[in-house]
Amino acid sequence: MKLKALFCLGLLVMFGSPSVEAATKRICTMTLNSADEKEALRQLYASEDVVITELVPAEGKNPRWLQNACESGIQCDVLLISGHFGGVFFGEGNSTTLDLKEIERLSCENSCPGILSKPKDVFLMGCNTLSSKTPDKRSIEEYVEVLIKNGFPRDLAERVAFSRYSEYGMSISQIFSSAFNNVERLHGFTSTGPLGKVAAPLLKKALRDTSAQTLFSKGPDTKKLNQLFAGSSYRIVSPKTESDPNYKALTCNAYSESINENREAIHFLSKKLHLKKYYEPLLEATQNPLFMSLLQDTLRASPEATRNFENFFLEIGAARSLPLKMKMQFLDLQAQLGLLPATVKAEQQERLIRQRLGDGLNFIVTDQFCAMKDLLKSTELKAGWLPYTSNAWQFIPRLSQCFGSYDMGIEGLLKEMMYSNESPIRREALRALKGRLYSHDFSQLLKASAQWPQRDRLDMSYSIGLKAPTEMLPPIIETCLAKAATGDNAESRDGYRWYCLNQFEQLIDNPLKCHLVARSFETQSVTGLDWNCLTRFNHEIHLGSCLEAADRNADIESSDNVRWYCWSKLSEQKQLSRSECLALASSMKIQGNRFKANWNCMNRIAN
């Protein structure tokens with residue numbers, strides 16, 4: 001309780017006490033990319049009576065930064081969000097992101113009124129932030145490619161593009177209007193918008209004759225804004241007229257833990273044609289067990305609701321450019337609702353998988369399947385589904401790790417690859433073969449690995465548990481650790497383990513031995529040892545040692561910092577293939593880190 005009080009006090013110091021500064025007007029900014037627009041507002045309005053407050057922390061990548069700002073009670077009179085946008089605000093080289101889904105959730109909970117409800121004007125300075133369903137100069141496919149080039153995983157890029165251009169669901173402008181439904185004006189762009197260095201002078205010129213008093217009481221000169229931004233897809237909307245009240249109520253009711261609110265959402269969705277317009281809350285609500293249970297009960301009791309859902313699934317299943325992951329999700333949902341036999345679901349999902357694989361394997365397609373692990377956990381990958389080309393060969397090891405299982409044909413291919421002359425192929429094949437090797441495989445590998453670089457031998461021990469006698473902990477350390485295990489509590493046992501480590505440090509001469517000691521720890525004091533295992537042996541670390549150290553770290557920001565350290569060292573030493581890099585990127589816990597790492601893998605790793 002005391003810690004929580006201190007935490008809240010710290011936030012009030014950081015953002016300013018609302019009671020003390022009741023008369024002070026505040027412009028809040030969230031800078032995810034360039035700070036040009038923020039600087040324009042600062043030059044125009046910063047004074048004793050107007051505070052400019054940046055909500056995105058300058059240091060760290062805490063994914064709770066927005067929740068922390070909300071909990072501080074900060075009151076914003078104007079809000080400016082600046083960054084690239086594709087369903088998520090992000091920036092070049094920046095790991096901090098802001099997801100539209102998070103804004104929606106906070107709006108539903110009414111837990112952030114000072115930021116989401118109090119401002120009169122909200123400036124959404126990013127592409128497509130106020131887009132309608134009207135197509136612009138780009139096709140869905142072209143927009144997907146733009147997002148992928150910015151580091152978006154393919155499955156997310158496809159979903160954002162489908163939401164932007166298809167006839168299904170709400171427009172992005174309607175969703176933002178729903179989330180900011182109490183503000184007076186939203187400013188944004190219907191298509192591509194100007195970069196910050198272009199937008200900032202226009203914003204400054206448009207507001208130059210608007211005093212602070214006028215800005216906060218009546219708002220900016222909208223006519224001048226539209227004139228100066230003419231030709232740039234600039235748009236100003238009133239959320240009260242732009243938003244769909246049904247969407248707001250449905251979204252909040254579907255997310256809710258209230259039985260009555262869930263029932264209201266289900267009653268609304270069960271009506272004919274509603275699903276086509278409101279499919280997004282339905283997909284999100286599949287993560288709500290209470291909602292799903294009530295929906296199943298409703299369909300069992302109502303033939304009419306069942307027909308409406310069946311017709312919707314047929315229609316959207318045939319929609320042009322429906323993303324692969326969404327197709328898989330809808331098939332899975334139909335089976336959960338009892339509208340599709342499990343065998344038929346499996347057959348249709350297999351057809352979709354084979355169709356995508358038949359178009360050819362590459363890094364992006366492989367990564368897309370790996371982003372759908374949860375949907376593929378009951379699917380067996382078959383060798384007959386794969387294109388037999390020399391280019392596809394390199395993707396099989398990672399692809400096979402992203403399905404629930406694989407057949408004997410894939411196993412045979414992987415066992416050939418585990419002796420490949422190419423180290424990255426060999427390493428990934430061994431990771432994929434974990435649990436599929438027998439005693440004769442181990443004996444052959446032990447002989448073959450004697451000729452491999454030490455990195456590869458050590459990586460093998462992490463992936464399949466096979467290590468040479470010289471890589472095992474000396475008996476004297478094992479004895480020390482056994483004595484440590486007899487302590488009275490976890491803290492004292494780990495304290496003795498630190499003693500063992502320090503006493504016999506000279507005998508721990510590679511990252512594997514270091515991590516063998518770390519595996520015996522019971523408390524989070526092990527994170528210090530894990531860092532030591534990587535930094536002390538940074539010329540011998542590999543993906544296996546990096547992932548083990550990162551996964552043992554309970555703090556997601558620190559866990560990702562371990563991954564960034566490894567990315568830096570391994571790429572610098574040219575010891576990270578692109579496929580391994582993507583595996584490292586997809587393991588990042590924080591969304592912005594995944595985007596940034598994904599981009600690095602596709603643009604800074606040679607192959």
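Student: What is the relative accessible area of Trp-531?

Tutor: This is a predicted model, in which local features need pLDDT of at least 70, side-chain atom pairs count only at pLDDT 80 or more, and totals for chains, interfaces and linings use all residues. Residues are numbered from 1 along each chain as its sequence is written, while side-chain values use heavy atoms, with hydrogens and water left out. Buried means under 20% relative accessible area, exposed over 50%, and partly exposed in between (1.4 Å probe, protein chains only). Trp-531 is partly exposed, and its relative accessible area is 29%.

Student: Is Tyr-565 buried or exposed?

Tutor: The relative accessible area of Tyr-565 is 17%. Tyr-565 therefore counts as buried.

Student: How are the rings of Trp-531 and Tyr-565 arranged as a pair?

Tutor: Rings of Phe, Tyr and Trp (its six-membered ring) pair if their centres lie within 6.5 Å, and planes under 30 degrees apart count as stacked, over 60 as edge-to-face and the rest as tilted. The whole structure holds 25 aromatic pairs. In the pair of Trp-531 and Tyr-565 the centres are 5.7 Å apart and the planes stand at 75°, so the arrangement is edge-to-face.

Student: How far apart in sequence are the parts that this pair ties together?

Tutor: Helices here are DSSP runs (H or I, at least four residues), numbered from the N terminus. Because Trp-531 lies in helix α31 (residues 526-536) and Tyr-565 in helix α33 (residues 556-572), the pair ties together parts whose separation in sequence is 34 residues.

Student: Which ring does the charged end of Lys-596 sit over?

Tutor: A charge sits over a ring if NZ of Lys or CZ of Arg is within 6 Å of the ring centre and within 35 degrees of the ring normal. The charged end of Lys-596 lies 5.2 Å from the centre of its ring, which belongs to Trp-564.

How values were computed. Helix = DSSP H or I, 4+ residues; strand = E, 2+ residues; numbered from the N terminus.
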